Structure formats: structure tokens, C-alpha cells
Amino acid sequence: MNVSLDWLREYVLIGSDVESIAATLSGLGMAVEDVAHVGGIPGVVTARVLRLERHPDAAKVIRVWVDRGDGVEHHVWCGASNFSPGDVVPLATVGTAMPDGRTIGSRGILGIASDGMLCSARELGLGSDHSGILVLPADAPLGVPYGEVTGLVDDVVLDVDVTRNRPDAWGHVGIARDLAAKLRLPFTPPRPPAPAVGAPAEATVEIVDGDRCGRFTLTIISGVTVAPSAPWMAARLAAVGQRPINNVVDVSNYVMLELNQPNHAYDLATLGGRGIRVRLAAEGEVLTTLDGVERKLTAEELLICDAFDRPIGLAGIMGGADSEISDATTTVALEFAWFEPLGIAASVTRTGLRSDASARWERGVDPYGIDTSIARFIELLRETSPGLVVHAGAVDARAESLPPQHRSTAVRRRQVNRIIGVELRRDEIAALLDPIEFTVSGGDEESFDVAIPSWRPDSTEEIDIVEEVARHYGYENVPKRVPLSPLHGHLSVGQQRRRRIREVLLGLGISEVMPSPFLSDDELARAGLDSDVLRITNPLVVGEDVLRPSLRPGLMGAVAFNESHRRTGVALFEIGRVYPPGPGELPDEREVLGVVLAGAEAPAAVAVWRELASSLGIGARIDQQRVPPGLHPTRSATLVAGREDIGAIGEIAPDVLEAFDVDERVAVLELDLASVLASEPRPARWKATSRHPSSDLDMAFVLDESVPAEKLEKAIRQGAGSLLVGLELFDVYRGAGVAAGSRSLAYRLRLQAADRTLTDADTAAVVAQVRAAAEKLGAVLRA
Amino acid sequence: VIDDIGAARDAALERIAAAATVDDIVRIDQDVLGRRGTLTLLKTSLGSLGGPDERRAAGRSLNEATQAVSAALDERRRALADVARADRIMAERLDLTEFVAAPRRGHSHPITQAWERLEDVFVGLGFTVAEGPEVETDSYNFEMLNMPASHPARTEFDTMFVDHAGAPPGTTVLRTHTSPVQIRAMLANPPPLYIVAPGRVFRRDTPDATHMPVFHQIEGLVVDRDINLGHLAGTIEAFTRAYFGEGFTSRLRPSYFQFTEPSGEFDIRRPDGHWLELGGCGMVHPNVLRAGGIDPEEWSGFAFGFGIDRMAKERHAVDDLREMYTGDIRFAEQF
């Protein structure tokens, strides 16, 4: 909301310190987002036309000599001729920066310089009139800033962020009321006289759908002369960004911006049947709105129709094209109404149409501010249309949705103080509320009634009153104190373990990324994943509607991105949620770790897994029989803990690499974190390290390719028993000397006893036992 | 004999003086003092000498000679070892700036860094950390936060809806804020509650330098007896000092949210006097407490929330939020 300080000063005498005004507004909950200085354009001054002269070689422009009060004749070229010698006009002197961005230069035409430029109203940012030069009052002093003459004052306009609960602050008067209360200054809202009423004039109003329109008044005003607005009004409207049009439209806008009362002026001559019907549209009914667009409506849209039931506007949102005020208008049918806010809001959402009026209706307009507003409209219009006559017989139709005029709520003093953290007496509370016209009455010191003004529809219950008290007491005046938590702060086991995962991965040189969780079907297919996925019904980007079922597409995208930027061999991880569909109230959302190691083969992923497993105290079987989709069929496996699949390990499938245009091999690890994070295993128990010498024993076995080395390792451990303190696979060999379809696996066993030096007999026993255990797997000890 | 001893000694000392390597010393040691060494052999010849005096004199002389040679050997060995070590040290010289940088450590995402720092600060203030689902029901995301179905405030959230078979259409959303975790925490635990809930949230916002459709927030919720606006302001202030450091202060100013009342925004003042708008906050609305199964007459509370991405962005002066989500290793490596 653009707020003119000059305008505000009509109701409250605020000072000129803009910063302090902005701070006060901010302290009241109206944040000032921007401050703009507007007003007379420096360099544009008044000048009297001395004489005019045509130039034989210039058909469209004339030469004008003006006096700007310095006793010198200044020559300018001018394209308009709507003025005569003796008129006072605005002269933009050389060097003036105009609102449209131009800087006035002295370059003329035909080699004759122009000592400035005479200005139209539009050129001065004062409206749309560009038909001629703005002619100022003839008695105006010369050489003064033209603003002094037009009533345009230097002004400061604040862009105020008005929150949803403050519809009253969508009008200057509402903001002034709050400021006056806070600054303890007198508040002088407009108090227009009740308009004198002429002969009765007939008009009808019928509210058909009363649940959407609670009140509709129609006032007939005849004898209206449509003309430009008074300069002061045009200036104020222009200052807050409202283009002045003519006196009727301008007054209409002015009253909206002043009192937050959207309204509409119809030309009675074009209002069929001299009446209004307010009804819901028929499904598919068509209305051409003011913006010239033909709109097909649903049966939920509220229409303003003429008495012949012809739609003339979308209630509260936008008028129709046919009944607008024109220069020929003499009789105005003036609408002030009250529409139900949720209905307007829903209509705005459905139609995508919004206007200054609809924004106000959505938030709630004072249904009982109408009478003052009608009087104010007439008072203001009379200034430029003194011959107007207000007719008796104005219609004031009301319907069931009209909110009650008088509302109040019971408030407990204790509750106010408990929530805010202060100790206020009843009279102190009343003193804070009274200036904003929330009136305390009845009850006693501890509990009482607070009457709520009709312009605060958001305010209904005790807690709303607490907020008003807090606002006007000032948040900054509430003493700050830290509540003493009776609990001890800590991270949960899962949160601590998640951090440990990160530490391990970072230590292994793997960096964290956060790719988008939204995928396209194409990305899904490229990653070799199933298309049975969860989808967003209104995605931001058409086609990117898949909620990822796996972190792999995102991580592969990152690998591809880096590779294409000549960064091969990246090691990346992500910890994030995946969203496979599920049968429950919510999808089967899970937290997952994904690791990709570009330029590395599957064993690199196994190495990462081993580090994680050992650091977290977890274990899993590598089941190469079951390869998850999208992974390399002979180099990947499912990780199985107990009976539960907890992840995937291996390498990205070659076709997936190709689809992502990645040239390197990519090792991959995916781990479902739910069970990994769930519990912390018991701390490792210390085992005494032996003081006796150890000895190493190398054993190589030939084992069929179909048997995982993991099994042999397990057999060796079992066979060697308690003397085994270290086991390392140090060589894998395939080729001459080893039968096809098998390989040789060479292990180094470190043996050590806790209580003695090992004997040859000990070693021989271990060899025999290990050999026996290995043979059960079909592994043959190599000589 | 004594002359022989003297000669052997002198010969040995001469050789020792001339020795160039530790190996030479070992050899001399063997030649002179070894089993068949010159002095050793002389010792065996002592028995053949005549008188005891002569034997005693010769023995003394031999002992002196042996000691002299031993000492000389030790000294020379030490000297030669010193030289050898010094030579090796010189030969081993490295220029430590002749270094080919190989990336070793991984880089934590700046958003994670901010996230964890925030958790740590609130843990220090006695909070625990709560979590909740990113795909939420309309009920937790809106309804129980005092925004019933037709509430116009809902339109401000630019919600993305999820087509989930298990629920009626339009009732499953990508959570638009971390506030639903408030409700989940209240329903799961009796008061008092002191929690923060960091997490990922979603808005249907076109990505630009300061907006992303996917971003991160942290939510705080305190419910206890007689919690008031002053406690909210005090907690924000304590957080401000703990997170940003001394010299930073905070302020609350009124605002409006559906789920809190009175509501506020909070700003942080940097030591240079510049104000930074940080987040929204307020006293938990009685309807929200009720939705969480808590009696607002017995308990009261406050809540606050702000963006984590923004903290990371400010801390590292990243001028475009989109950079955070590219997966570009050249971004990651900077932090």
C-alpha cells in the first residue's frame, strides 16, 4: 500500500522525520518496504506566455517567448497551441530531469535553440492529459516551482506492507488512526456533512444471493459535470501511483484509498432498468470486463447485473465495459456495498483476476463505514462539480450475510498479562485500546468486555485483543527474558549417527551436494528406474512432476554436469528423502544416503561401505544375486541386513552411464538410513592386546567364481578360531595354473595367542582347520 | 712385548684416524680387538713372559692400549655416523612448496554447515531436534495450524500438491513450512516442549537469486507454563548472540501469521548497525495448541521460524541461491 505522508497529515499531525515515522509504523506491524520522494519536479517553474509566433518552415510547432520572472525573454519551441499570451504555464528549464527519464536540453530545431520545454499534465506525471500544455491560474507568481501553484507539494510516499489482519490499514485513515494512537496525537478523520437531499429518484436494488452480498447501497446523483479533478486531488492520487482520470473516477479511487471503501460509479443512463440485481452467474455465463476480455464464468462467481439482469460487473473484482462513466455522464448511480470476503477470494483464485478493490474485499471492508463514505464521496465530488444534486430515495439493501455492527468479546486481564509478559491494570489496557476505538466496558478489574470496531473483521476473540494491546504497548517495551528449559538439550541417536555418516564420508574425500528432488520421466528412464512413482499435480516446470524414488538420478546428473565441465573423478554424496508411493495416509517417504564415485569401480564403493559399517557398528550381506535396476548387472549387489534390504552397492550400469552421457565408470552406494540411524550398537568392548609375538601365515585358495569371497573369508575366520587377530586378502589371481571358472584368493592370517608364544604345532593346527573349513566351500588350498 | 703392544696400538690408531666409513671401523675393530685381532693375540702371548713384574707391566700396557683403541674406535664411529647422518639429511632435502594439490577431504554443503550450527546453538539453549515428513497431509500443513480449508491465507503459500493414492485428491502436499512439525511434536509429547525442527520445505516459486522451490527452514517451538512474548524475545536474543556473536542484537516487531497471535517478525542488528530481516515468530495461537492436544488455559508457548539457506547465503556471501543446488564440485570445494 502506497501511503502519502502529506495525505496522512490531514488526519494526524505527524512530523517530517521520515525515518522515525517509518520506525513507528514498523513497530505497529506495518513494515515500510520503500520510501519515495515525490512532488514538484525540481527545475520546472511557472512562466508567463509573452507572445507566440509561427515559423514559416515549421508547420507543427510554434515559437513561444515566456517570462519566468527574471525579466529576460526566454524562447522555447512548443508543439501545442492551447494557450494564449498572458497564460501561466509550467516551464521545464534546461537540465531538468523529467519523470519519463528525459533531461531537458537546449537543442531546438532549424538551428534555433529552445530554452526549455513547456509541459503537459502527463509530462509532469499528473495524469493522462496530453492534449495541451497545462495552463495554471493566471495570478500565479512567476519563476516559482510549479508545484506550489498546482497544490502539488513535495511529498514522501511509503510503501507499507499491510498484513492480512489489518484491512483498515488499506486506507490512509486506518493508518493515521494507528499512528495517532501510538504517538498520542489527536486523530481527525474526515467528518463529511450529511448530503442535502433533492427530489426522489427511483432506482432499485435486489440482492438475490444474500450469502455473498450482505449490503448494497445505490445513491443517485444528478447534475454531475465530468471534468479533471482538482490539482490537489490529482497530485495525491498520482503520488500514490493512481493515475488521475476524471473527477468522478478520481473521487471513487480517493475514497477507497482514504477510507478503504471500494465503490463503483455507474452512468445511470447506461444502467438498464435503472436498477441493480446481485446474483450468482449461470454456469458458463459470459461477461466482458473493463480490460476488454470476454470471460466465461462459473456458477460460483457473483455478478452485478442491471435491472434487466444483464451482467455489468464481476462483484468486488472488476466492472464491465459498458456502464463506465464517460465525459457525457450527468447522472451517476453510486454503489457502496459489502461483499463476503471468502467468496471474493475464491473468485479471484478461480478467475485469476485481481484489482485494488478485490484485494480489499478479500481482507474485509467495514460494512458500516458506507454512510460516511457516501457523504465523503459527495463532499469531494462537489468541489469540481458544484451543481450536483443528491436524490432522495437512495437504496440500502441488506442481506443475511451482513456481519453484526456491534461485536465484543470478554477479556481477562490475567490472560493479557500472561501472554505478553507484563503487569497492566485494566485502566492501562483501556488506555492502549481506546485510541484505536476498541472500547473497554463492564465487568471488573479482572475481566471486562471489549467492543470491537466494525473495521476490524479479523478481530473476534480474546487473543485478538491481546495482540492489539501488545502492538500498542510496543513489542520493544516487553522485557526480554530467556525461559529456563527444564529439559536437557541434545541430539537424538539418529541425529548423532547421521552426523557421523557425514564425518566418515567427508574424511573419505566425498563432498556433499543437494540436487533437486523433482525429476522428469526422462531422467527416471535414463537412470533405469521404474515409472511407478509419486507425482506432483501442479509442478513448477511442466514435465518435472516426479518426486524422486531414488537419489541416483540427481547424483548422476551432478556427475554428468561436473564431467562436462572437465571435472572427472568427482566423489559426491547426498543425504535426503526419497518418496516412493505407499499405501498409507502418507507415501513411503524414507531418508537415504547416496554416494557416487566417478572414475572408480565397484570395489571403491565397497571400501566406502566398509568404513561406514565399521564406524556405525552395522553389517550387511552383499547379495550379488539381486541387482537393483539401473546398476551394473555383474558388478552390483543388494545390501541385506538380516531379512531387510538396506541398500545397493556396486557400479552404475553401462547403459545408464551412456544415457547420462558420462564417460567414466561410476561406483555407487545407496543406503536406507531408517534402520541405520535407528539405534546405536553397544559400545565396543576393550580386548587386551597380546604381549606375545605374532606370526603371519599366507594361504591361497582356488575357489569357484560362483562362491563369493565373503564366504571363504567367513570360513577362514571360523577355522582359525581365537588365534586369528588379522586377516587380509592380499592377492586375487586368475589365469594360467588356475582352472577356468575359478580364481585364486590369497589371504594373510596374523596369528597371536594372548598368553604364550605360538608353537609350530599351533600354526599347523590352524592350517588344518582353515583348510578343512575352506574345503566345505569347495576351496582348494594351493601348494 | 711392550714395544709390540705399542706398535700394534699405534698402527691401530693410525688406521682408525684414516677410517672413512663405519664399515672401516667395524673392520678395524675386528682386526685389532676381534678374536684373532693383533692386541688379542698379544694378550695370549703374555703368559710366555718371564717374571711377574714383567707380565704385570705388559698386562697394564696391553689394557691401556686396548682402552685407547676402543675409545678411538667409539669416537671415530660416532664422528663418522654424525657425518653420514648429516650427509643423508642434506641429500634428503625437500621443498615443501613443491606440492601437487590432491583433494583429500570432502566438503560439507554450506546449508548443512548452517543447519548443524543452528542445531548446536539451540541444543545449547536446552532444545531437542524434531523431524517430520516432507510430504504432508493438508491437515498438518494447514488445518491444524489454524488455516481451515477455504482460508485465503493458504493461497499465499504457493503449495505443490502430490497425487497420493492413499488420500483424497488435494489433501497431500509438499510441506510449505516446517510448522507441521510443531503439531506432530505436540501430539507426540506432553509439554513442556523445547524443540527446533530444521527441514526441507517446498514452494511453487520460480527459482531466482533469492528464491528456490526447494529450500530449508528451521522452526522453533516452546510450550511451557506461563510462556510469554518476553520469553520469545529473550530466546531470539540469546540465539542471536550465540549464533552470530557478540555485538549482534535482535528486535521483534508485530506482524501476522495465522498460527501465532500475537505474531511478529524478528530482525537482527549487525554491529555496523545494519538490520537484517530474519524470520517470523509469535505466541502459539490457542487453536494451534488445541490442535496439538494442549490446553491453552494451562500452557502457553511461542514459535519461530526462518530460512537456513539464507544463513548460508549470508555467511559465505553467495549471491545466487541457485548455486547451492547445482551439484557443481567447484561450488562444493569452496566450503
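Between which helix and which strand of chain B is the place of Asp158(B)? In this predicted model, Asp158(B) sits in the loop that runs between helix 6 (138-141) and strand 3 (162-163) of chain B. With a relative accessibility of 34%, Asp158(B) counts as partly exposed.

Asn260(A) has a relative accessible area of 5%, and because residues under 20% count as buried, Asn260(A) is classed as buried.

One joins Pro191(B) and Pro192(B), with omega at about 0 degrees, and Pro192(B) is located in the loop between helix 7 (180-188) and strand 5 (193-202) of chain B. Another leads from Glu261(B) to Pro262(B), with omega near -5 degrees; Pro262(B) lies in strand 8 of chain B, which covers residues 260-269.

Helix 1 (residues 2-18) of chain B packs on helix 3 (residues 38-45) of chain B at an angle of about 165 degrees, and their axes are 10 Å apart. Because angles over 145 degrees count as roughly antiparallel, helix 1 and helix 3 of chain B are assigned to that class, and their crossing is left-handed. On the side of helix 1 of chain B the residues in contact are Asp4(B), Ile5(B) and Ala8(B), which meet Thr38(B), Leu39(B) and Leu42(B) of helix 3 of chain B. Sorted by class, this contact comprises 4 nonpolar, 1 polar and 1 charged residues.

In the other arrangement, helix 2 (residues 22-33) of chain B and helix 4 (residues 52-91) of chain B pack at an angle of about 170 degrees, with their axes 9 Å apart, and are therefore roughly antiparallel to each other. Helix 2 of chain B contributes Val22(B), Ile25(B), Ile28(B), Asp29(B), Val32(B) and Leu33(B) to the contact, and among the residues they meet in helix 4 of chain B are Thr66(B), Val69(B), Leu73(B), Arg76(B) and Leu80(B). By class, the contact of these two helices has 9 nonpolar, 2 polar and 3 charged residues.

Turning to chain A as a whole, one finds 20 helices and 38 strands. Its radius of gyration is 41 Å, well over the 28 Å that the globule rule gives for 783 residues, so chain A is more spread out than a compact globule. The C-alpha atoms of chain A fill a box of roughly 130 × 85 × 55 Å along the principal axes. Of the 783 residues of chain A, 53% count as buried, and among the contacts in chain A with a separation of 6 or more, 69% come from residues 24 or more positions apart.

Gly86(A) lies between strand 5 (73-78) and strand 6 (88-92) of chain A and, at 29% relative accessibility, counts as partly exposed. Although Gly86(A) and Ala47(A) are 39 residues apart in sequence, their C-alpha atoms are 9.5 Å apart in space. Leaving aside residues up to four places away in sequence, Gly86(A) touches Arg48(A) and Val49(A).

Notes:
Residues numbered from 1 in each chain as written. Chains lettered and ligands numbered in written order. Predicted model: local features only at pLDDT ≥ 70, side-chain atom pairs only at ≥ 80, totals over all residues. Heavy atoms only, no water. Axes fitted to C-alpha atoms, helices over the stretch in contact; angles between N-to-C directions. Helix = DSSP H or I, 4+ residues; strand = E, 2+ residues; numbered from the N terminus. Parallel < 35°, antiparallel > 145°, perpendicular 65-115°, else oblique. Left-handed = near helix turned anticlockwise from the far one by under 90°. Contact = heavy atoms within 4.5 Å. Nonpolar A, V, L, I, M, F, W, Y, C, P; charged D, E, K, R; others polar. Rg over C-alpha atoms; globule rule 2.2 N^0.38 Å. Buried < 20%, exposed > 50% of the residue type's maximum accessible area, 1.4 Å probe, protein only.
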